[in-house]
2 protein chains.
Amino acid sequence: MEWKNQMKNYIETVNEELDKYFTLPKDKNQQVIEAMKYSVFAGGKRLRPILALASYQIFAKNFEEVLPYACGLEMIHTYSLIHDDLPAMDNDDYRRGKLTNHKVYGEGLAILAGDGLLNYSFEVMLGDAIKRDNPKPFLRSIHEIAKAAGIHGMIGGQTVDLQSEGQAIDADTLDYIHHNKTAALITAPLKIGAIIGNASEEDIKNMEFVGRQLGLAFQIKDDILDIVGDQEKLGKPIGSDEDNNKSTYPSIYGLEYSIQKVQELTDSINDVLGRYGEASNFLYELSQYLVNRES
Amino acid sequence: MEWKNQMKNYIETVNEELDKYFTLPKDKNQQVIEAMKYSVFAGGKRLRPILALASYQIFAKNFEEVLPYACGLEMIHTYSLIHDDLPAMDNDDYRRGKLTNHKVYGEGLAILAGDGLLNYSFEVMLGDAIKRDNPKPFLRSIHEIAKAAGIHGMIGGQTVDLQSEGQAIDADTLDYIHHNKTAALITAPLKIGAIIGNASEEDIKNMEFVGRQLGLAFQIKDDILDIVGDQEKLGKPIGSDEDNNKSTYPSIYGLEYSIQKVQELTDSINDVLGRYGEASNFLYELSQYLVNRES
């Protein structure tokens with residue numbers, strides 16, 4: 001279980017770094033900062049930052065230089081949850097057992113807190129890149145993150161998801177949602193870890209490939225757990241996708257094929273990671289864990 | 001009226017450039033792009049991009065290189081209007097005589113369109129900066145824009161404005177709102193025009209000063225027009241600030257002092273611009289126009 005210790009270290013490091021960015025002098029804007037902090041420190045698993053650190057450490061040692069970008073990714077992920085939970089979107093009152101942002105601070109401030117996190121993510125990353133002697137890999141990484149989070153990535157996926165609410169969709173549309181709403185922001189950390197870790201273009205492409213496969217496997221696993229998961233372990237009722245008439249991978253392709261698909265994706269991830277030997281151990285264990293998880 | 005021709009040219013150039021960024025291949029995300037375009041091309045005055053071009057042209061000739069950043073500023077301005085108009089914020093049904101974004105596309109898509117514009121602004125600017133041999137001034141400019149738009153700038157101002165709704169506020173708080181909600185995103189274009197135009201640090205500071213004074217004068221003028229303006233010229237009813245119990249510069253400092261303050265700010269702008277001779281003519285005329293406007 002050495003990788004779980006590594007995981008703990010990564011999470012602690014990320015939390016400390018995030019803490020630094022949110023330790024700000026008291027000013028009149030204090031309430032929006034409080035609302036931002038509420039969601040950033042609401043028990044997120046830090047999956048995206050961890051993927052950035054893990055990818056970086058395949059190619060380089062000291063991960064300090066990737067931290068601002070890892071945290072930027074987490075801020076973008078958090079803003080997307082705040083806006084997704086709003087009444088005009090998914091209308092959720094709880095997330096991870098806690099009241100959602102707008103339930104605590106009101107809708108207006110929740111909108112601003114989301115906007116604030118998206119903007120602050122770029123502010124933090126740009127503020128780091130500007131200090132670098134050779135800013136190019138950092139600039140490229142911020143650009144990659146912007147593309148993954150934007151209308152041709154996450155926001156594109158959210159749009160199609162919003163439009164598809166309560167209606168059956170075809171396989172193409174489901175693929176679009178899965179690839180963009182979820183996988184894009186799982187691919188980005190793996191890619192930028194390699195870019196900042198000074199990996200070759202081929203290695204960067206490999207990490208991007210791993211990201212895409214992992215993102216898709218992660219999402220299909222989510223869909224599967226909603227059918228066959230253990231309510232107690234999940235901490236939420238199963239069958240909600242079916243109740244909401246939500247098209248999922250199993251509802252379109254069948255449960256058996258979905259399970260098989262996760263296995264195929266996992267095999268292709270392991271195949272690529274295998275080329276990096278021991279350096280990729282952590283990422284291998286983490287992806288095993290993510291596709292085999294029971295909650 | 002030569003400056004008005006120049007103004008027309010600038011507007012045309014900005015519109016053509018914006019058009020380029022929003023000419024995108026049809027995909028499943030099409031609806032969010034349509035919603036973004038609706039607001040970007042809803043008759044905005046393009047003030048922020050024009051200020052960036054005008055500042056740049058004090059120091060350099062060919063303004064092509066500042067265009068992506070000028071357009072990025074306009075996208076951020078537009079997103080802030082979409083989110084500001086939402087029911088949870090100002091709850092406005094019309095802007096510039098047209099239905100607001102959420103009235104046309106629904107609240108969910110309007111939230112995503114705003115998010116999309118903020119993110120796309122960075123995507124466009126970073127996509128340009130990444131191609132530059134020396135990306136540093138461009139990187140610095142994007143960072144300046146992020147700071148101006150964020151929690152220590154525009155979003156900070158919006159937060160305090162939202163909290164102050166319907167209640168009397170003190171002079172300090174009003175200053176904070178004016179400086180951050182409005183002036184920050186008027187200062188940024190003047191500053192980045194100088195940075196990308198390769199101006200000296202002193203010149204960059206001067207343009208920043210002009211921006212702050214102009215932003216404040218512009219906002220106070222707005223407050224004044226709501227009291228003494230001509231309803232027909234304004235195209236909206238006057239007295240709405242008083243009706244909404246909104247604290248404004250005149251309500252706190254009195255009308256006479258407000259008019260005097262605009263004059264003082266204008267004098268200080270002219271004083272600085274005077275140092276740049278003919279090169280600053282356009283900016284001089286534009287600021288005269290903005291502080292003397294009747295609508």
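This is a predicted model: local features need pLDDT of at least 70, side-chain atom pairs count only at pLDDT 80 or more; totals for chains, interfaces and linings use all residues.
**Note on the interface between chains A and B**

1. Across the interface of chain A and chain B there are 10 residue pairs in polar contact, counting pairs in which both residues have pLDDT 80 or more.

2. The element that gives the most is H6(A), with 15 residues. Sorted by class, this side of chain A has 27 nonpolar, 15 polar and 11 charged residues.

3. As for the extent of the interface, 53 residues of chain A are in contact with 53 residues of chain B, and the area buried between the two chains is about 4700 Å², of which carbon and sulfur atoms give 71%. A:Lys28, A:Leu139 and A:Ile151 together supply 14% of the area that chain A buries against chain B, which is more than any other three residues supply.

4. How are the two copies placed relative to each other? Chain A is superposed on chain B by a rotation of 180° with 0.0 Å of shift along its axis, and the RMSD is 0.0 Å. The two copies are therefore related as by a two-fold rotation axis. Of the residues of chain A, A:Asp115 comes closest to the rotation axis, with its C-alpha at 3.5 Å.

5. The two sides of the interface can also be compared residue by residue: 100% of the interface residues of chain A are also interface residues in chain B, so the copies meet through the same surface.

6. Turning to the backbone, A:Asn91 has a phi near 55°, which is a positive value in a residue other than glycine. A:Asn91 lies in the loop between helix H4 (67–85) and strand S1 (94–95) of chain A, and it counts as partly exposed because its relative accessibility is 45%, between the limits of 20% and 50%.

7. A positive phi in a residue other than glycine is also found at A:Asn198, where the value is near 65°. A:Asn198 belongs to the loop between helix H9 (171–196) and helix H10 (201–228) of chain A. Is A:Asn198 buried or exposed? With a relative accessible area of 70%, A:Asn198 is exposed, since exposed means over 50%.

Conventions
Residues are numbered from 1 along each chain as its sequence is written. Chains are lettered from A and ligands numbered from 1 in the order in which they are written. Side-chain values use heavy atoms; hydrogens and water are left out. Helices (H or I, at least four residues) and strands (E, at least two) are DSSP runs, numbered from the N terminus. Buried means under 20% relative accessible area, exposed over 50%, partly exposed in between (1.4 Å probe, protein chains only). Copies are superposed by least squares on the C-alpha atoms of residues with pLDDT of at least 70 in both. Contact means heavy atoms within 4.5 Å. Buried area is the accessible area (1.4 Å probe) that two parts lose on being put together, summed over both. A polar contact is a pair of N or O atoms within 3.5 Å; within protein, one must be able to donate a hydrogen and the other to accept it, and residues adjacent in sequence count only if both atoms are side-chain atoms. Ala, Val, Leu, Ile, Met, Phe, Trp, Tyr, Cys and Pro count as nonpolar, Asp, Glu, Lys and Arg as charged, and the others, Gly among them, as polar.
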